[in-house]
Amino acid sequence: MGPPEEIPELELRPLRYFAAVAEAGTVTEAARRLRIAQPSLSQQIKQLERRVGAPLFRRLPRGMELTEAGRLLLTGVRRALDALGSSVAAARAVPVTAALGLCRGVPGEVLRRAERILTGARPLRLVHEQADSARQGELLRTGALAYGILRAPVDDTAGLELRTLADEPLGVLLGHRHPLAGHTELTWDDLAGQRLLWFPGRRAPGYASAVRERLARHGWHPGLLVEDTGSHGLFRHALLGHDDVVALRTRAGAATDTDLLWRPVGPEPPRERLLLATAARGPWAPLPERGETVDGRP
């Protein structure tokens with residue numbers, strides 16, 4: 001038995017054109033459906049016949065009729081196109097793993113909103129990675145992260161696409177035995193003499209500066225008690241262990257711990273704006289069409 005006959009190298013496009021002509025019955029109608037020029041289509045069919053090594057159509061006065069070779073090829077082409085279509089659909093349905101960077105303190109509600117937006121647009125398996133807002137620009141541009149959730153304002157936004165996920169006023173979080181715990185609402189004067197449980201500014205310098213500038217405009221210049229571990233246990237301990245320490249959180253970001261109380265403060269409290277980000281020219285762009293497009297600045 002001799003070696004198998006070599007199969008000619010055939011590209012997908014001429015085979016699709018061939019199937020279109022067979023279905024339409026004329027080159028003119030097939031060209032119209034394919035939205036290409038008739039002479040170009042005729043040339044493609046002739047080139048395919050040369051590659052196959054057999055005439056595929058009989059040219060009749062009123063159209064094109066398949067030869068026996070053409071009918072056999074059409075059967076194979078249809079099977080191949082169907083199989084390819086099924087394979088592409090199956091490949092698209094497989095969830096792709098994507099790293100989602102999270103700055104600290106993202107409320108569960110906001111994280112779930114981001115996950116719905118991203119997985120609703122394509123099948124994704126999201127892997128969460130902690131990443132400070134200040135670092136996410138570099139990580140997104142280099143591909144170390146597919147997406148990120150970070151706090152605005154952000155200085156390093158070059159090459160990023162950003163959308164607002166949440167924009168909420170900050171309130172005061174304090175222990176249930178704190179001297180101000182009996183207030184249902186707080187003013188800036190109420191906070192005189194209170195220290196602020198804060199985070200290292202390097203994590204989100206733009207956000208840290210914007211909040212402290214707003215506090216200064218209201219006349220509150222608190223001493224800072226910086227908690228650098230990110231541990232909720234130590235955060236909780238600091239609030240419950242001092243009667244002159246408060247924190248700033250959105251209502252959504254306030255702890256569910258019943259020993260910690262959230263109170264609105266005003267007038268004109270600072271706000272926390274969380275952004276969904278990706279590299280504008282990266283493989284994960286564009287972001288799904290939900291949320292407000294922003295430039296990362298207030």
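Before reading any volume I noted what is meant by a pocket: an open set of grid points with protein on both sides within 12 Å along at least five of seven lines. The model I am reading is predicted.

Entry one, the largest pocket. I looked up its volume and found that about 750 Å³ of space lies in it. I then listed its lining, which comes to 31 residues, and noted that Arg-104, Gly-105, Val-106, Arg-151 and Arg-249 are the ones that lie nearest the centre. Strand 8 (195-198), helix 8 (232-240) and strand 10 (245-250) are the elements that each give two or more residues to this lining, and the largest share, three residues, comes from strand 10.

I found one cavity of 30 Å³ or more in the structure, and for the largest cavity I read a volume of about 60 Å³. Its lining is made up of Pro-107, Glu-109, Val-110, Arg-113, Ala-166, Glu-168, Thr-250, Ala-252, Glu-272 and Leu-274. The elements that contribute two or more residues here are helix 5 (108-121), strand 6 (160-175) and strand 13 (271-279), with helix 5 providing the largest share, three residues.

How values were computed. Residues are numbered from 1 along each chain as its sequence is written. This is a predicted model: local features need pLDDT of at least 70, side-chain atom pairs count only at pLDDT 80 or more; totals for chains, interfaces and linings use all residues. Side-chain values use heavy atoms; hydrogens and water are left out. On a 1 Å grid over the protein atoms alone, a cavity is a set of points where a 1.4 Å probe fits but cannot get out, and a pocket is an open set with protein on both sides within 12 Å along at least five of seven lines; lining residues have an atom within 4 Å of a point. Grid points are joined across faces, edges and corners, and a volume is the space filled by probe spheres set on the points. Helices (H or I, at least four residues) and strands (E, at least two) are DSSP runs, numbered from the N terminus.
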